[in-house]
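Please have the sequence and the 3D view at hand.

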Amino acid sequence: MGKPVIGVFALQGNVREHLEMLTQVGVEARPVRRPSELAQVDAMVLPGGESTTMEKLARAFELFEPLQKRIADGMPAFGTCAGMIMLANEITGGIAGQETLGGLDVTVRRNAFGRQVDSFEADLDFAAFEAPYHAVFIRAPWVERVGPQVEVLSTVSSGPATGRIVAVRHDRLLATSFHPEMTGDARLHGYFAELVREL
């Protein structure tokens, strides 16, 4: 593959910040709001936001089912915070009838770390990185169950949430509980770009 084209779900969330991070790591980044735009990208980033609102907007713009099919067919995707919930096969603490795009064999607890006032920052160890990654958690989910094919990339190392899983990879799907676009550290976007380049 030459220069990958990575889309960012642009109906809600920190779209501009993700586009900037992707550009930093040397890929072509595009906002995606419609099926015609989805058809032109090699991979997708699903940003933070509000997962039930993201589902409703995706359906309103006729993007939900095409996106679900592309992911099922093997398109790489990177979900952050609410994006992690959108990729999960199973959620707890969700709203009745809430549906996800699926593909990631995990169970995610919505708003697991608490409300907005419980937002926090932490330094996380990643096997893929030499130095810790400074993560920003805002009304964040965590992973309660991982399937046999899912690799745990990072867990919380201190405080009341010690041991909670906050970053995973399942084949071509990557997900974090936190907001990597808010840190100025482009290593996770670079990690995802490499995953896409390997196709």
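A residue is called buried under 20% relative accessible area, exposed over 50%, and partly exposed in between, with a 1.4 Å probe and protein chains only. Phe 126 has 6% relative accessibility, so it counts as buried. Before going on, a word on the source: this is a predicted model, in which local features need pLDDT of at least 70 and side-chain atom pairs count only at pLDDT 80 or more, while totals for chains, interfaces and linings use all residues. Residues are numbered from 1 along each chain as its sequence is written, and side-chain values use heavy atoms, with hydrogens and water left out.

Which partners does the ring of Phe 126 have? Rings of Phe, Tyr and Trp (its six-membered ring) pair if their centres lie within 6.5 Å; planes under 30 degrees apart are stacked, over 60 edge-to-face, and the rest tilted. The whole structure holds nine aromatic pairs. In one of them, Phe 126 and Phe 129 have ring centres 5.3 Å apart and planes at 40°, so this pair is tilted. Phe 129 is buried too, at a relative accessible area of 13%. Phe 126 also pairs with Phe 178: here the centres are 6.4 Å apart and the planes at 80°, so the arrangement is edge-to-face. That pair links distant parts of the chain, 52 residues apart, with Phe 126 in the loop between β7 (120–124) and β8 (133–137) and Phe 178 in the loop between β12 (173–176) and α6 (187–197). Helices (H or I, at least four residues) and strands (E, at least two) are DSSP runs, numbered from the N terminus.

Finally, step back to the whole protein. Its secondary structure comes to six helices and twelve strands, and buried residues make up 52% of its 199 residues.
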